[in-house]
Amino acid sequence: MSDISKHQKPSLREWLTSDAPTSRRQAKFSAWYRSWLALRSNPMAMFGLMILLFLLAIAAFAPIISPHDPFAQDLALRLSAPGENNYILGSDSLGRDILSRLIYGSRITLYIVALVALMAPIVGLFVGTAAGYLGGWVDVVLMRITDIFLAFPRLVLALAFVSALGAGIENAVLAIVLTAWPPYARIARAETLTIRNADYIHAIKLQGAGALRVITKHIWPLCISSLVIRVTLDMAGIILTAAGLGFLGLGAQPPSPEWGAMISAGRQFILDHWWVATMPGLAIFTVSLAFNLLGDGLRDVLDPKKSGK
Amino acid sequence: MTSNDNSGIRINNLDVWFGDHEERVDAVIDAEFSVPLGGSFGLVGESGSGKSTILRAITGLAPTWSGEIFVLGKELGKTRDKEFFSTVQMVFQDPYASLHPRQTVDHVLSEALYLHGFDQPDNRIVKILDDVGLSQIFRFRYPHQLSGGQRQRVAIARALIIEPSILLLDEPTSALDVSVQAEILNLLTDLRAERNLTYLMVSHDLAVVGHMCSKIAVMNLGRIVEVLDVKDMRKMKAENAYTKQLLEASIQRRREA
Amino acid sequence: MTNLLEVENLTVKFPTRNGMFEAVRDISFSLGRERLGIVGESGSGKSITGRSILRLIRRPGILEATRIALEGEDLLKKSEREMRKIRGHKISMVMQDPKFSLNPVMRIGDQICEAYRLHAKASKAEAREKSIKMLEAVLIRDPERVFNAYPHEMSGGMGQRIMIAMMLIPDPQILIADEPTSALDVTVQKEVLEIMDKLVRERGMGLIFISHDLNVVSAFCDRVLIMYAGRIVETCQADKLHEAKHPYTRGLLNSLPQLEHPVDRLAVLQRDDAWQTAPSVSGTLEADH
């Protein structure tokens with residue numbers, strides 16, 4: 001019944017959706033808010049985002065929520081089926097609680113994902129935009145190097161690096177980064193080639209801006225969105241590569257509860273005790289799916305060709 | 001050549017080409033004209049006639065050219081320095097393509113000021129927005145929040161905020177509606193009078209060039225076929241057959257009505 | 001006389017974050033065997049009007065109308081499958097830029113033949129013969145060569161002629177041309193218009209010519225609808241366009257620079273908010289008597 005009297009100050013929502021921002025900060029925030037609104041209207045992307053936030057929460061509160069110590073062995077209760085002996089998802093060959101190991105394993109997964117996601121696209125962005133914008137021999141040299149990296153199957157190349165550097169999570173991450181950047185460089189170069197001849201790039205050149213400035217301030221912001229999309233879509237592959245390295249014993253070392261290593265350990269029991277390998281498999285599947293859904297949603301939101309309208 | 005050179009832009013024997021050897025395409029052949037300081041000169045022609053290429057050669061966007069280009073009496077080399085860009089600025093054809101999609105109006109203008117080391121950026125931005133007839137509420141908008149005419153005003157503001165003396169206009173209104181075209185053309189006329197600018201304008205529309213410029217060069221297939229006064233053009237006093245054809249095509253449509 | 005096309009109370013809406021945006025608001029018009037021009041600025045709804053006749057409004061856009069009748073048959077009651085038969089066969093559309101309308105990896109001849117064979121049961125040889133004839137009809141000098149060429153080998157003017165040939169080969173009753181010459185040079189523009197004019201007359205077709213260019217429309221059409229903000233604000237005989245009364249039309253005409261009449265400053269269109277809310281003028285022919 002009662003009318004809410006109009007405030008002098010606009011509400012946060014009005015401030016964010018305003019068509020006439022009054023400061024740089026407001027312009028930036030409202031652009032972000034609009035992207036968020038667009039993302040929010042995509043249920044699948046939101047579903048993916050929920051899973052990832054859930055994963056983040058699990059990783060953060062692992063010690064509180066995990067029912068058992070992930071490293072505590074109890075050989076008497078080894079290979080308990082899910083639900084038996086207080087093990088919700090069963091126990092593995094050394095009698096460790098699989099659920100707790102999965103929960104702690106999420107930390108490792110996120111650690112790998114975050115490191116790779118930060119490093120690989122940035123390397124790719126540097127190489128790709130420099131090659132695309134400068135052209136000529138710079139382009140030839142950088143792209144041939146990229147081709148050499150692309151010519152090897154990813155896992156094989158990663159294997160070679162890890163064997164050379166020694167097993168361990170950090171080295172696994174490094175190996176994945178070394179094998180993951182070339183596709184980003186290719187994307188960044190392709191984007192740069194189309195952007196390079198746009199009038200707005202000509203315009204800033206005619207303002208007297210140098211190559212470094214054009215690349216970092218004008219081309220990067222436009223490449224980053226497609227890279228972010230690609231990274232989220234690749235995330236599943238990165239998790240799987242990390243898991244693959246773990247599976248081959250070259251990633252995380254026992255007793256670390258890395259999901260790939262857990263599958264590897266459960267492999268020998270797969271017929272009689274299916275849950276040992278299946279549970280971490282499901283975890284990898286869920287997180288990969290979440291990243292894929294989010295990536296799809298982000299593509300719709302961030303694609304500059306669409307939002308430019 | 002002439003020592004008492006008071007021209008804004010002077011061009012002698014300009015050839016511009018793309019590609020090399022067998023694939024070489026000559027876009028401009030032996031172009032020659034000069035624009036007096038404070039004057040306004042039009043280049044007219046159909047698509048592919050090389051009119052925009054001349055602008056690109058002047059600004060350094062088309063690097064393969066030979067001949068002589070003088071700006072304010074100074075001959076240009078192969079590269080352009082900052083001093084050149086603070087003298088010569090350009091407004092592009094399509095306002096939808098000439099503004100960076102992720103940068104606000106404020107960002108675009110600030111960067112121009114920063115690159116040329118101007119002080120008091122805030123005051124200057126407020127003033128230039130006023131000068132191009134844009135309300136201050138547009139200052140923090142992104143290009144997609146602006147109409148075509150507003151975008152073109154931003155592009156003009158970007159070119160003028162660093163106070164150049166020569167403005168190159170590459171079909172500045174061909175992507176706009178006629179009513180907006182009238183506004184932008186009026187704005188350009190006013191700005192030229194206020195700031196004593198030199199205009200070199202490229203257009204396919206004889207009526208637009210006739211309105212804006214006092215002298216025009218008609219281009220066809222890379223060559224300047226005729227340079228004539230706009231007064232003569234209005235009287236249809238063209239000598240060249242192609243110019244006549246072009247004039248007739250643009251006037252006839254109205255006569256038929 | 002019977003009208004080829006009758007559109008009654010057409011409204012096209014698009015949902016946006018700030019509520020419904022009505023791109024076309026409650027307009028009615030009809031088309032006889034004539035050349036009807038629709039002029040307006042960008043955003044006036046003229047292109048959307050053209051597309052809604054073919055029911056080519058993509059979701060989430062909403063098309064509402066009392067009736068869109070082609071020779072008395074209501075197109076709104078047709079299924080999507082029946083509509084596909086009408087598009088191209090009975091009503092064709094030529095778009096602004098031939099570059100985007102022609103398939104770049106198919107030979108021009110094959111594309112024209114395909115357009116023909118989609119609607120007429122004809123053998124390949126017949127289709128080829130008919131296609132070459134059609135290319136001749138759009139005044140292409142060397143139809144055999146063009147038949148075997150790819151779109152990228154053609155200039156803009158040639159491309160647009162080919163599009164016209166392709167759109168006219170199934171012998172439609174109505175041709176909708178959406179800015180068909182805006183991307184072309186003035187001299188080429190004239191040629192293309194003349195070709196289109198001749199063919200439309202010879203075949204007794206109806207033509208809807210959508211353009212922003214008042215001069216072209218007034219020289220080329222019989223009757224003109226002037227649109228503003230989704231409404232028809234004025235309708236008149238094309239040759240009397242320069243005597244139009246509505247302040248919007250007048251404003252558009254006055255804002256054009258003219259070679260013969262130099263002015264220091266161009267007249268600027270003063271927009272009146274009342275134009276947006278004023279009811280649409282009817283563009284049906286019956287309204288004339």
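In this predicted model, 25 residues of chain A are in contact with 26 residues of chain B. Four helices of chain A each supply at least two residues to the side that touches chain B: α2 (24-40), α9 (199-206), α10 (211-247) and α13 (304-307). The largest share, five residues, comes from α9(A).

Chain B also meets chain C. That contact takes 26 residues from chain B and 28 residues from chain C. On the chain C side, the elements that give two or more residues are α8 (186-203), α9 (214-220) and α10 (247-254) of chain C. α9(C) gives the most, with four residues.

Next, the core. Which residues touch the most other members of the largest nonpolar core? They are Val116(A), Ile176(A), Ala165(C), Leu175(C) and Val217(C). This core holds 232 residues. Helix α5 (residues 98-134) of chain A provides the largest share of the core, 15 residues.

Take Val116(A) as a case. Leaving aside residues up to four places away in sequence, Val116(A) touches Val173(A), Ile176(A), Val177(A), Ala180(A) and Ile238(A). One of these partners, Ile176(A), is itself among the core residues that touch the most other members.

Definitions and conventions
Residues are numbered from 1 along each chain as its sequence is written. Chains are lettered from A and ligands numbered from 1 in the order in which they are written. This is a predicted model: local features need pLDDT of at least 70, side-chain atom pairs count only at pLDDT 80 or more; totals for chains, interfaces and linings use all residues. Two residues are in contact if their C-beta atoms, placed from the backbone, lie within 7 Å. A nonpolar core is a set of buried Ala, Val, Leu, Ile, Met, Phe, Trp, Tyr and Cys residues joined through C-beta atoms within 7 Å. A residue is buried if 20 or more other C-beta atoms lie within 10 Å of its own, exposed if 12 or fewer, and partly exposed in between; C-beta atoms are placed from the backbone.
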